[in-house]
Amino acid sequence: ATLAEMDGELVDCRRCPRLVEWRERVAVEKRAAFRDETYWGRPVPGFGPDYAALLIVGLAPAAHGGNRTGRMFTGDRSGDVLYAALHAVGLANQPTSIHIGDGLTLRGTRVTAPVHCAPPDNKPTPTERDTCRRWIDEELRLLSPTLRAVVVLGGFGWQALLPALADAGWPIPRPRPKFGHGAHVVLPASGSGHDLHLFGCFHVSQQNTFTGRLTPAMVEAVLSEAGRAAGL
Ligand code: SF4
(Lines give C-alpha, C1' and ligand atoms only; values in the text may rest on other atoms or scores of the structure.)
Protein backbone atom coordinates (compact mmCIF):
# COMPACT_ATOMS: atom_id res chain seq x y z
CA ALA A 1 0.00 0.00 0.00
CA THR A 2 1.02 3.65 -0.41
CA LEU A 3 0.21 6.56 1.89
CA ALA A 4 -2.34 7.78 -0.63
CA GLU A 5 -4.06 4.39 -0.54
CA MET A 6 -3.97 4.39 3.25
CA ASP A 7 -5.47 7.87 3.35
CA GLY A 8 -8.17 6.72 0.94
CA GLU A 9 -9.22 4.06 3.45
CA LEU A 10 -8.76 6.28 6.47
CA VAL A 11 -11.32 8.85 5.38
CA ASP A 12 -14.03 6.18 5.48
CA CYS A 13 -13.16 4.98 9.01
CA ARG A 14 -16.06 4.80 11.46
CA ARG A 15 -14.50 2.79 14.29
CA CYS A 16 -15.13 5.30 17.10
CA PRO A 17 -18.89 5.82 17.53
CA ARG A 18 -18.60 8.89 19.77
CA LEU A 19 -16.21 10.65 17.37
CA VAL A 20 -18.22 9.76 14.28
CA GLU A 21 -21.29 11.26 15.92
CA TRP A 22 -19.41 14.40 16.99
CA ARG A 23 -17.53 15.08 13.74
CA GLU A 24 -20.76 14.73 11.74
CA ARG A 25 -22.88 16.78 14.15
CA VAL A 26 -20.35 19.65 14.12
CA ALA A 27 -20.37 19.48 10.31
CA VAL A 28 -24.12 20.02 10.25
CA GLU A 29 -24.47 22.54 13.07
CA LYS A 30 -21.37 24.56 11.97
CA ARG A 31 -19.95 27.72 13.49
CA ALA A 32 -21.82 30.87 12.42
CA ALA A 33 -18.74 32.30 10.65
CA PHE A 34 -18.57 29.22 8.41
CA ARG A 35 -22.27 28.56 7.85
CA ASP A 36 -21.98 28.88 4.07
CA GLU A 37 -19.21 26.26 3.90
CA THR A 38 -19.52 22.52 3.45
CA TYR A 39 -17.66 20.90 6.33
CA TRP A 40 -15.46 17.86 5.69
CA GLY A 41 -16.89 16.03 8.75
CA ARG A 42 -14.74 12.90 8.29
CA PRO A 43 -11.36 11.53 9.44
CA VAL A 44 -8.60 13.99 8.48
CA PRO A 45 -5.58 12.35 6.81
CA GLY A 46 -1.96 13.40 7.28
CA PHE A 47 -0.67 16.17 4.98
CA GLY A 48 2.66 16.28 3.17
CA PRO A 49 4.82 14.24 0.80
CA ASP A 50 5.03 10.45 1.23
CA TYR A 51 8.85 10.52 1.26
CA ALA A 52 8.86 12.76 4.37
CA ALA A 53 12.00 12.83 6.53
CA LEU A 54 10.27 14.85 9.25
CA LEU A 55 6.90 14.02 10.81
CA ILE A 56 4.98 16.48 12.96
CA VAL A 57 2.45 14.87 15.26
CA GLY A 58 -0.36 16.85 16.91
CA LEU A 59 -3.33 15.63 18.93
CA ALA A 60 -6.49 15.51 16.79
CA PRO A 61 -8.24 17.75 14.23
CA ALA A 62 -10.07 20.81 15.52
CA ALA A 63 -13.87 20.75 15.17
CA HIS A 64 -13.98 23.91 13.02
CA GLY A 65 -10.43 23.59 11.66
CA GLY A 66 -9.35 20.28 10.14
CA ASN A 67 -12.84 18.84 10.55
CA ARG A 68 -14.12 21.71 8.41
CA THR A 69 -11.37 21.95 5.78
CA GLY A 70 -10.28 18.29 5.54
CA ARG A 71 -6.58 19.08 6.03
CA MET A 72 -4.51 18.83 9.22
CA PHE A 73 -4.14 22.09 11.17
CA THR A 74 -5.89 23.97 8.39
CA GLY A 75 -8.30 26.82 9.03
CA ASP A 76 -7.70 27.24 12.76
CA ARG A 77 -5.49 29.24 15.12
CA SER A 78 -3.23 26.31 15.98
CA GLY A 79 -2.49 25.83 12.29
CA ASP A 80 -1.82 29.56 11.85
CA VAL A 81 1.02 29.23 14.37
CA LEU A 82 2.33 25.90 13.06
CA TYR A 83 2.44 26.75 9.35
CA ALA A 84 3.84 30.24 9.95
CA ALA A 85 6.69 28.59 11.87
CA LEU A 86 7.20 25.92 9.17
CA HIS A 87 7.44 28.69 6.60
CA ALA A 88 9.83 30.71 8.77
CA VAL A 89 12.27 27.78 8.91
CA GLY A 90 11.94 26.96 5.21
CA LEU A 91 9.79 23.82 5.45
CA ALA A 92 6.61 25.32 3.93
CA ASN A 93 6.28 27.39 0.75
CA GLN A 94 3.80 29.83 2.34
CA PRO A 95 2.98 30.93 5.90
CA THR A 96 -0.75 30.23 5.81
CA SER A 97 -2.94 27.16 5.51
CA ILE A 98 -6.48 28.14 4.65
CA HIS A 99 -8.08 25.31 2.66
CA ILE A 100 -7.28 22.42 0.35
CA GLY A 101 -6.14 23.89 -2.97
CA ASP A 102 -4.56 27.03 -1.45
CA GLY A 103 -1.17 26.09 -2.93
CA LEU A 104 0.50 25.07 0.34
CA THR A 105 3.29 22.51 0.01
CA LEU A 106 5.69 21.19 2.64
CA ARG A 107 9.33 20.30 2.02
CA GLY A 108 10.14 16.77 3.21
CA THR A 109 7.67 17.19 6.05
CA ARG A 110 4.36 15.53 6.86
CA VAL A 111 1.85 16.66 9.47
CA THR A 112 -0.39 14.12 11.17
CA ALA A 113 -2.13 13.23 14.46
CA PRO A 114 -2.56 10.10 16.60
CA VAL A 115 -6.34 10.62 16.47
CA HIS A 116 -7.78 11.50 13.07
CA CYS A 117 -11.29 12.63 14.05
CA ALA A 118 -12.23 15.79 15.92
CA PRO A 119 -13.08 14.96 19.55
CA PRO A 120 -15.41 16.93 21.88
CA ASP A 121 -13.33 19.43 23.95
CA ASN A 122 -10.24 18.29 22.01
CA LYS A 123 -10.07 15.29 24.35
CA PRO A 124 -10.07 11.80 22.83
CA THR A 125 -10.59 8.93 25.28
CA PRO A 126 -7.84 6.36 25.82
CA THR A 127 -9.99 3.85 23.90
CA GLU A 128 -10.29 6.21 20.94
CA ARG A 129 -6.53 6.83 21.00
CA ASP A 130 -5.89 3.08 21.03
CA THR A 131 -8.44 2.45 18.27
CA CYS A 132 -6.78 5.02 16.01
CA ARG A 133 -3.33 3.45 16.62
CA ARG A 134 -3.83 1.26 13.55
CA TRP A 135 -3.54 4.35 11.34
CA ILE A 136 -0.45 5.89 12.91
CA ASP A 137 1.15 2.42 12.90
CA GLU A 138 0.52 2.11 9.19
CA GLU A 139 1.68 5.68 8.51
CA LEU A 140 4.95 5.10 10.41
CA ARG A 141 5.51 1.82 8.60
CA LEU A 142 5.08 3.51 5.22
CA LEU A 143 7.26 6.49 6.17
CA SER A 144 9.98 4.51 7.95
CA PRO A 145 12.37 4.25 4.94
CA THR A 146 12.76 8.04 4.79
CA LEU A 147 11.80 9.16 8.30
CA ARG A 148 14.66 10.72 10.32
CA ALA A 149 12.95 12.99 12.86
CA VAL A 150 9.63 13.46 14.61
CA VAL A 151 8.31 16.54 16.41
CA VAL A 152 5.51 15.76 18.86
CA LEU A 153 3.24 18.64 19.85
CA GLY A 154 2.07 18.06 23.41
CA GLY A 155 2.04 15.26 25.96
CA PHE A 156 -0.95 13.40 24.53
CA GLY A 157 0.79 12.86 21.19
CA TRP A 158 4.00 11.87 22.99
CA GLN A 159 2.26 9.16 25.02
CA ALA A 160 0.42 7.91 21.95
CA LEU A 161 3.46 7.90 19.73
CA LEU A 162 6.15 6.18 21.82
CA PRO A 163 4.58 2.70 21.62
CA ALA A 164 3.83 3.19 17.92
CA LEU A 165 7.46 4.15 17.28
CA ALA A 166 8.57 1.05 19.19
CA ASP A 167 6.44 -1.13 16.90
CA ALA A 168 7.84 0.67 13.86
CA GLY A 169 11.42 -0.29 14.79
CA TRP A 170 12.58 2.30 17.33
CA PRO A 171 12.32 0.68 20.78
CA ILE A 172 11.59 3.01 23.70
CA PRO A 173 14.73 3.59 25.81
CA ARG A 174 14.71 3.03 29.59
CA PRO A 175 14.02 5.19 31.45
CA ARG A 176 11.15 6.13 29.19
CA PRO A 177 11.81 9.62 27.74
CA LYS A 178 9.62 12.30 29.31
CA PHE A 179 7.69 14.83 27.29
CA GLY A 180 8.77 18.44 27.64
CA HIS A 181 9.25 21.46 25.44
CA GLY A 182 12.69 21.12 23.88
CA ALA A 183 13.02 17.42 24.74
CA HIS A 184 15.32 15.73 22.21
CA VAL A 185 15.92 11.99 22.30
CA VAL A 186 17.74 9.85 19.75
CA LEU A 187 15.99 6.51 19.35
CA PRO A 188 18.41 3.86 18.09
CA ALA A 189 17.06 1.57 15.38
CA SER A 190 16.35 -1.99 16.49
CA GLY A 191 17.55 -3.67 13.31
CA SER A 192 19.38 -2.53 10.22
CA GLY A 193 17.40 0.70 10.03
CA HIS A 194 18.51 4.17 11.04
CA ASP A 195 18.24 6.19 14.24
CA LEU A 196 15.33 8.55 14.75
CA HIS A 197 15.45 11.98 16.39
CA LEU A 198 12.41 12.60 18.60
CA PHE A 199 11.60 16.16 19.67
CA GLY A 200 9.00 17.51 22.11
CA CYS A 201 7.28 20.86 21.61
CA PHE A 202 4.38 22.38 23.54
CA HIS A 203 1.18 22.09 21.52
CA VAL A 204 0.46 25.09 19.27
CA SER A 205 -3.03 25.45 20.82
CA GLN A 206 -4.41 28.88 21.71
CA GLN A 207 -4.22 27.84 25.34
CA ASN A 208 -0.43 27.90 25.00
CA THR A 209 0.09 30.60 22.38
CA PHE A 210 -2.34 33.21 23.78
CA THR A 211 -0.83 32.90 27.25
CA GLY A 212 2.72 33.23 25.95
CA ARG A 213 3.68 29.80 27.31
CA LEU A 214 4.62 29.02 23.72
CA THR A 215 5.97 31.76 21.43
CA PRO A 216 6.49 31.57 17.66
CA ALA A 217 10.26 31.72 18.28
CA MET A 218 10.03 28.62 20.51
CA VAL A 219 8.18 26.66 17.82
CA GLU A 220 10.63 27.79 15.13
CA ALA A 221 13.61 26.76 17.28
CA VAL A 222 12.33 23.18 17.64
CA LEU A 223 11.30 22.90 13.97
CA SER A 224 14.61 24.23 12.77
CA GLU A 225 16.59 21.79 14.93
CA ALA A 226 14.34 18.92 13.85
CA GLY A 227 14.67 19.92 10.19
CA ARG A 228 18.45 19.81 10.52
CA ALA A 229 18.31 16.43 12.27
CA ALA A 230 16.13 15.17 9.39
CA GLY A 231 18.65 16.43 6.82
CA LEU A 232 16.22 19.00 5.41
FE1 SF4 B 1 -11.31 5.84 12.76
FE2 SF4 B 1 -9.34 7.12 14.05
FE3 SF4 B 1 -11.61 8.38 13.47
FE4 SF4 B 1 -11.59 6.48 15.33
S5 SF4 B 1 -10.49 8.48 15.42
S6 SF4 B 1 -13.13 6.77 13.70
S7 SF4 B 1 -10.09 5.03 14.47
S8 SF4 B 1 -10.09 7.60 12.01
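UniProt, in an unreviewed entry, places the feature "domain: Uracil-DNA glycosylase-like" at residues 45–223. The model you are looking at is a predicted one.

Five of them form an open sheet, and reading across it gives the order 2-1-3-5-4, with mixed pairing. Strand 2 (109–112) and strand 4 (184–187) are the edge strands, as each of them pairs on one side only. On average, neighbouring strands of this sheet are turned by 20° against each other if direction is ignored.

Now follow strand 3, residues 149–153. Which strands does strand 3 pair with in the parallel sense? One partner is strand 1 (residues 54–57), joined to strand 3 over four parallel bridges. Another partner is strand 5 (residues 196–201), which runs parallel to strand 3 and is joined to it by five bridges. On this side, V150 has L198 of strand 5 as its bridge partner.

Is strand 3 mostly covered or mostly open? It is mostly covered, with five of its five residues buried. In a regular strand, side chains alternate between the two faces of the sheet. You can see this pattern in strand 3: A149, V151 and L153 point one way, while V150 and V152 point the other way. Residues on both sides are buried.

Next, turn to the ligand. How many residues surround the ligand? There are 15, and the closest are C13, C16, P43, C117 and C132. Helix 2 (17–29) and helix 5 (126–143) are the elements that give two or more residues to this shell. The largest share, four residues, comes from helix 5. Sorted by class, the shell has ten nonpolar, two polar and three charged residues.

Most residues other than glycine have a negative phi, and most peptide bonds are trans. Just after helix 2, K30 takes a positive phi of about 60°, although K30 is not a glycine. K30 is found in the loop between helix 2 and strand 1. It has 17 C-beta neighbours inside 10 Å, so K30 counts as partly exposed. N122 is another such residue, with a positive phi of about 55° although it is not a glycine. Look for N122 in the loop between strand 2 and helix 5. N122 counts as partly exposed because it has 17 C-beta neighbours inside 10 Å.

Where is P175? It lies in the loop between helix 6 (155–167) and strand 4. The peptide bond leading from R174 to P175 is cis, and its omega is near -5°.

V222 sits in helix 8 (residues 216–229). It has 24 C-beta neighbours inside 10 Å, and therefore V222 counts as buried. V222 and G182 are 40 residues apart along the chain, with 6.6 Å between their C-alpha atoms. R77 belongs to helix 4 (residues 77–88). With 15 C-beta neighbours inside 10 Å, R77 counts as partly exposed. R77 and F202 are 125 residues apart in sequence, and their C-alpha atoms are 15 Å apart in space.

Technical notes:
Residues are numbered from 1 along each chain as its sequence is written. This is a predicted model: local features need pLDDT of at least 70, side-chain atom pairs count only at pLDDT 80 or more; totals for chains, interfaces and linings use all residues. A residue is buried if 20 or more other C-beta atoms lie within 10 Å of its own, exposed if 12 or fewer, and partly exposed in between; C-beta atoms are placed from the backbone. Two strands pair if DSSP finds at least two bridges between them. A residue is near a molecule or strand if its C-beta atom, placed from the backbone, lies within 6 Å of it. Ala, Val, Leu, Ile, Met, Phe, Trp, Tyr, Cys and Pro count as nonpolar, Asp, Glu, Lys and Arg as charged, and the others, Gly among them, as polar. UniProt positions are given in the numbering used here, feature names are shortened, and annotations may be inferred rather than shown by experiment. Axes are lines fitted to C-alpha atoms, for helices over the stretch in contact, and angles run from 0 to 180 degrees between N-to-C directions.
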